[in-house]
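Morning, everyone. Let me put the structure up, and then we'll walk through it piece by piece.

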Amino acid sequence: MSRLKPIEYADASAAVRAVYDDIKTSRNLKDVNNFWKYLAHDPATLRRTWESVKEVMAPGALDPLVKEMIYVAVSTTNSCAYCIASHTAAARNAGMTDAMFGEVMAVVGMANETNRLVNGYRVPIDASLE
């Protein structure tokens, strides 16, 4: 368990409050979640991470739902319970159904299995795939 305590808005520096305000405005939230409150112990990391997340997760060639489902998949593979919960909620808010979640989990499971088999057997990459 972390020894740090979350930094609440009332206790935050002006720099941290500015990031919190941007997060709340951008995501239409009343308060920021714990991830940001713990990163606030290092305001530079808080700002840099928020700016990167905001840029990467913005609509682009991939729509926000696809990006959130990819985030869930990677978070599952990395065993990040916090990120799984956060991005599953975001994906559901963006339209992910139970069936879609089930398929994402099936793909994650299959990819992990076949990746391990390839690594274990040390399968060389086919020339046609290079």
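First, a definition: helices here are DSSP runs of H or I with at least four residues, strands are runs of E with at least two, and both are numbered from the N terminus. The expected span of a helix is 1.5 Å times one less than its number of residues. This is a predicted model, where local features need pLDDT of at least 70, side-chain atom pairs count only at pLDDT 80 or more, and totals for chains, interfaces and linings use all residues. Residues are numbered from 1 along each chain as its sequence is written, and side-chain values use heavy atoms, with hydrogens and water left out.

Start with α1. This helix has 14 residues. From first C-alpha to last, α1 reaches 20 Å, close to the 20 Å expected at 1.5 Å a residue.

Which residues of α1 are buried? Val16, Val19, Tyr20, Ile23 and Lys24. They sit on the same side of α1, because they cover an arc of only 135° around the axis. That arc is taken from the directions from the helix axis to the C-beta atoms. Buried means under 20% relative accessible area, exposed means over 50%, and partly exposed is in between, using a 1.4 Å probe and protein chains only. On the face of α1 turned away from the buried side, Ala14 and Thr25 are exposed. What covers the buried residues of α1 includes α2 and α3.

Now α3, residues 43–56. Its 14 residues should span 20 Å at 1.5 Å a residue, and its end C-alpha atoms are 20 Å apart, so the two agree. Thr45, Leu46, Thr49, Trp50 and Val53 are buried in α3. They cover an arc of only 125° around the axis, which puts them on the same side of α3. Over on the other side of α3, Ala44, Arg48 and Glu55 are exposed. The buried residues of α3 pack against α1 (14–27) and α2 (34–39).

Next, the cysteines. A disulfide is a covalent bond between the sulfur atoms of two cysteines. The search takes a pair of cysteine sulfur atoms within 2.5 Å as a disulfide. How many disulfides does a search of the whole structure find? The count is 0. Cysteine 80 is partly exposed, at a relative accessible area of 25%. Cysteine 83 is buried, at 19%.

On to histidine 87, in helix α5 (residues 81–93). Buried or exposed? Histidine 87 is buried, with a relative accessible area of 10%. Leaving aside neighbours within four places in sequence, histidine 87 is in contact with Glu68, Tyr71 and Val72. Contact here means heavy atoms within 4.5 Å.

Then the largest pocket. Its volume is about 510 Å³. Of the 20 residues that line this pocket, the closest to its centre are Ser26, Arg27, Leu29, Glu68 and Ala90. α1, α3, α4 (64–77) and α5 each supply at least two lining residues. α5 gives the largest share, 5 residues.

Last stop, asparagine 115. This residue is in helix α6 (residues 98–121). Asparagine 115 is partly exposed, at 43% relative accessibility. Asparagine 115 and proline 43 are 72 residues apart in sequence. In space, C-alpha to C-alpha, asparagine 115 and proline 43 are 38 Å apart.

The search runs on a 1 Å grid over the protein atoms alone. A cavity is a set of points where a 1.4 Å probe fits but cannot get out, while a pocket is an open set with protein on both sides within 12 Å along at least five of seven lines. Lining residues have an atom within 4 Å of a point. Grid points are joined across faces, edges and corners, and a volume is the space filled by probe spheres set on the points.
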